[in-house]
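This report goes through selected features of one protein model, from its strands to a helix and the nonpolar cores. Please keep the structure open while reading.

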Amino acid sequence: MKYVDYLIVGFGLAGMAFCDQLEQHNKSFFVIDTKDSAASRVAAGLINPVTLKRYTMPYKGEEQFDLAKAYFTRLNEKFGFPFMKELPVLKIFSSIEDQNNWFEATDKPVLNRFLNASLVKNNSLFIEAPLQLGEVKETSRIDIPALLDAYAHSLMSSDSLSFDQFNYDELVLKSDDSICYRDIKARRVVFAEGYGIKQNPFFNKLPLVGNKGEYLIIKAPDLRLSKALKASFFIIPLGDDLYKVGATFNWKDKDSVPTTEALEELLQKLNKVITCEYTLEAQQAGIRPTTGDRRPLIGVHPNYKQLVLLNGLGTRGTMMSPYLAKVLFEHLELGIPLDEEISISRFPKKF
């Protein structure tokens, strides 16, 4: 029998961030992950603290941002590889009104740290931006697949990770408030499964609806972007003349299969923004773990104290995951209450 403090089910952005919390506090753990097409591996990986559609700051946005930068910087150092790289974001204004809203936002104390009040001239022959560009400062991009692979490799080398399908029928809840799963005994199990929660009999009634997002990978040698572009979608430079374009938002489909509809939508938007030639290299899809109120789902099951949830990161999982992992750990180990707006306790009738 293997004895650990925590069993973690799922190793995307949420599961990885919680592993890091446990390692930082010398807690033992074991991870089980299916290594399927998780939304984390499809995500754009941008750490951008400002919602650029309405020029607002998301829940605990600045705190999340600072924690995320520190967290990914530390992982860069831990693995000796630049998974996080600075990547400014340039906003393409959709109208004069949009541009005016930008200027108003730069005067707000909560936003002026991140929004440059001086517009950036569009010097590219291949980008349609007649109203100039707004620059978002301090933004970065994370190479999420490479980071997940590096972290997983380190866990496998210490026999702390198994790639396998978790079988809920084999989970045994003990009278001492511990759990047993096959040859593992743990104080708690943390479910960080993303949309996989729909198969979890303990938490599947919670209102995680899921949102399918699709991206394109294009090759455009003439585009030569060193910064990300944001219109109604993103164009993100990946290096070697490759760019990630997206994403779509589909509330109906609940699979990770790329669609013709998303392809046509993204190409139509892209062709309005860039005028150079490009080739389509790939199309990706994943299900974001999104909730109806756009807030996370974290906390302890009201009936089984050894069962814990870390989910509902939605479209901002890259920036949000270190913060949520931290507050969940402090809740479990130090008894610090969770904010009601992110706790599963706000849905008492779903258990």
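A residue is called buried when its relative accessible area is under 20%, and exposed when that area is over 50%. The model is predicted.

## Strand β2

Phe29, Val31 and Asp33 point one way from β2, while Phe30 and Ile32 point the other way, and all of them are buried. Since five of the five residues of this strand (residues 29–33) are buried, β2 is largely enclosed by the rest of the structure.

The pairing of β2 with β1 is parallel and runs over four bridges.

## Asp5 in strand β1

Strand β1 covers residues 2–9 and includes Asp5. Leaving aside neighbours within four places in sequence, Asp5 is in contact with Lys27, Ser28, Ala186, Arg187 and Arg188.

Between Asp5 and Ala17 there are 16 Å in space, C-alpha to C-alpha, for a separation of twelve residues in sequence.

## Helix α5

Helix α5 comprises residues 144–157. Its 14 residues should span 20 Å at 1.5 Å a residue, and the end C-alpha atoms are 20 Å apart, so the two values agree.

Which residues of α5 are buried? They are Ile144, Leu147, Leu148, Tyr151, Ala152 and Leu155. Because these residues cover an arc of only 130° around the axis, they sit on the same side of α5. His153 and Ser157, on the other side of α5, are exposed.

Both ends of the helix have a local feature to check. At the start of α5, a side-chain oxygen of Asp143 comes to within 3.3 Å of the backbone nitrogen of Ala146. After α5 comes Asp159, with a positive phi near 55°.

In soluble globular proteins, nonpolar side chains tend to be buried together. The largest nonpolar core of this model has 67 residues, and the members that touch the most others are Phe11, Phe18, Phe72 and Leu310. Helix α7 (residues 317–334) supplies the largest share of this core, with nine residues. Apart from this core lies another, of 26 residues, among them Phe166, Val189, Phe191 and Leu307.

What does Phe18 touch, not counting residues up to four places away in sequence? Its partners are Tyr6, Ile8, Val190, Leu310, Ala325, Leu328, Phe329 and Leu332.

Note on methods: Residues numbered from 1 in each chain as written. Predicted model: local features only at pLDDT ≥ 70, side-chain atom pairs only at ≥ 80, totals over all residues. Heavy atoms only, no water. Core = buried A, V, L, I, M, F, W, Y, C linked by side-chain atoms within 4.5 Å. Buried < 20%, exposed > 50% of the residue type's maximum accessible area, 1.4 Å probe, protein only. Helix = DSSP H or I, 4+ residues; strand = E, 2+ residues; numbered from the N terminus. Contact = heavy atoms within 4.5 Å. Expected span 1.5 Å × (residues − 1). Arc of directions from axis to C-beta. Polar contact = N/O pair within 3.5 Å; in protein donor to acceptor, adjacent residues only side chain to side chain. Pairing = 2+ DSSP bridges.
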